[in-house]
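Subject: The structure I promised you

Hi there,

Here is the structure we talked about, ready for you to open. Have a look at it first, and then read on below.

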Amino acid sequence: MESLVTSSTTSGTSHAPDRHINGQLMYRSSYVKSSNLSNQAKMLDTSVFNDSYSDGDSDDNSNSLRNSDQDLQISSGISSGLPVRPPRSQLRTSIRTSVDDDAAADGAHAVDEFGFILGDGGHGSARSQSQGKSMKQYRELEVKWLSIVSKMGVGSVKKDAKLKKLVRAGIPSSVRSRVWQFLAGASEYRQDGALNLHGKARLPVYDVIDKDIPRCYPDHSLFCEPDGQGQRDLRILLQAYSHYNPELEYCQGMGRLAGCMLMHMPLDDAFWLFVCTIDRYLSGYFTPDLAQLRIDAFVIEQLLKDHEPKLARHLEQNQVTPIMYITQWLLTAFTLTLPWNAVLRVWDVFYFEGVKVFYRISLAIMQLCKDHLLRDCPSQSEILEFLLHIPHSFLEVDVLFDTAFHIKMSKADIGKYAKKATVHASDTIGLDAAQGLKNLRAGSSSSVVGFKQNLK
């Protein structure tokens, strides 16, 4: 299958095949060719996408995360604050019973609670792991979050340790769209006309986007139909972003992020959340040289040595480096790796605490898989096959999050290793650590001040 190192281009560049590497046809833009990258950086392969800090962080168990209405000073009389249009995920849930009843007769696909198509056998999706909340508990959480986004400022919310615990417990799906946009500060990025492509030149990168659209979420009901509404919205979003940010344009992995957003909100909301996410939370990840991803590979390698030295030695002895597996994990924000309810909870925390949760989840995955890797994966090929296709039985959501939030990790440690990467690591010498440090600050309460002053 064809692979992209990155599809980021400047206008007018062409995407001619560059070379074959390890049997994969590689593409590069002239922008990448002209940059002075190391040979290893040039050969970073993102073909895997085509496959079907503790700065005062509490180590409290995430199961005791519910606050009382008195603690949050929330009034229940806020019916006027309910969203007029429920998110797509809620709409799908409301019609799923009748759809599933008629699926066999109509030849349609049955779907799980998240809209993913169920496998042949109909025994349920491996992505789905029920949270087990009662309807009363669910409605109470809805009311709490609607009050929070209506009455509080995002800076105050991110200073509140009780609300951090509430986020870590998971945001109700019916209000997730609104809460993500609120926590991220997406409204500060909004401009008129960004999604209007009429009269704008067709960019060479459109061909790459068109090729990637069908394989972003082929197993999801919103995107499985060729040129259906989901695929059309995803295409518009990615094409519009290539005009909005001509420096980045497009890189594989972006489609997975945008698709997840479109599952929860209309196109306009998804576009501005996407813009905000790339600029404020994932700065440097989608550049042509994948600079931040390479720095993160070094950081995760150092953190693994600190927390799991035996496993780190096992990987090193088999010449397995983090860049070989975290490319898939981080550039898609775990949408190719975790059970889907775990993906959504990672994103909940991501918009509250920032990219630090990516390091936590990465280490938690390695801890939960350690025994299997040491015992049953004695070679490089076996290790990579497992890490790129981890059975979801290893990643039960509550165990994963409990493990992640008991890991002692500070933003200072992450920042220290990021700076060390740019000075001492052969693959990352000379790269700029500033973008990664900016990403770390995105989850802090101080980062929400002065959004507009920092916009391009």
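This is a predicted model: local features need pLDDT of at least 70, side-chain atom pairs count only at pLDDT 80 or more; totals for chains, interfaces and linings use all residues.

**Helices α8 and α12**

Let's start with α8, which covers residues 173-184, and α12, which covers residues 267-281. Their axes lie 10 Å apart and the packing angle is about 40 degrees, which makes α8 oblique to α12. The crossing of α8 past α12 is left-handed. On the α8 side, the contact is formed by Trp180, Gln181, Leu183 and Ala184, while α12 brings in Asp269, Leu273, Cys276, Arg280 and Tyr281. Sorted by class, this contact consists of six nonpolar residues, one polar residue and two charged ones.

**Aromatic rings**

Two residues from that contact, Trp180 and Tyr281, turn up again in a cluster linked by ring pairs.

**Helices α16 and α19**

The second pair is α16 (residues 340-353) with α19 (residues 397-404), whose axes come within 10 Å and cross at roughly 30 degrees. Here α16 passes α19 in a right-handed crossing. From α16, Asn341, Ala342, Arg345, Val346 and Val349 take part in the contact, and from α19, Val397, Asp398, Leu400 and Phe401 do. By class, there are six nonpolar, one polar and two charged residues in the contact of α16 with α19.

**Charges over rings**

Arg345 also lies over the face of Phe401, 4.4 Å from the ring centre. Elsewhere, the charged end of Arg168 sits over the ring of Phe405, at 3.8 Å from its centre.

Key
Residues are numbered from 1 along each chain as its sequence is written. Side-chain values use heavy atoms; hydrogens and water are left out. Axes are lines fitted to C-alpha atoms, for helices over the stretch in contact, and angles run from 0 to 180 degrees between N-to-C directions. Helices (H or I, at least four residues) and strands (E, at least two) are DSSP runs, numbered from the N terminus. Angles under 35 degrees count as roughly parallel, over 145 as roughly antiparallel, 65 to 115 as roughly perpendicular and the rest as oblique. A crossing is left-handed if the near helix is turned anticlockwise from the far one by less than a right angle, and right-handed if clockwise. Contact means heavy atoms within 4.5 Å. Ala, Val, Leu, Ile, Met, Phe, Trp, Tyr, Cys and Pro count as nonpolar, Asp, Glu, Lys and Arg as charged, and the others, Gly among them, as polar. Rings of Phe, Tyr and Trp (its six-membered ring) pair if their centres lie within 6.5 Å; planes under 30 degrees apart count as stacked, over 60 as edge-to-face and the rest as tilted. A charge sits over a ring if NZ of Lys or CZ of Arg is within 6 Å of the ring centre and within 35 degrees of the ring normal.
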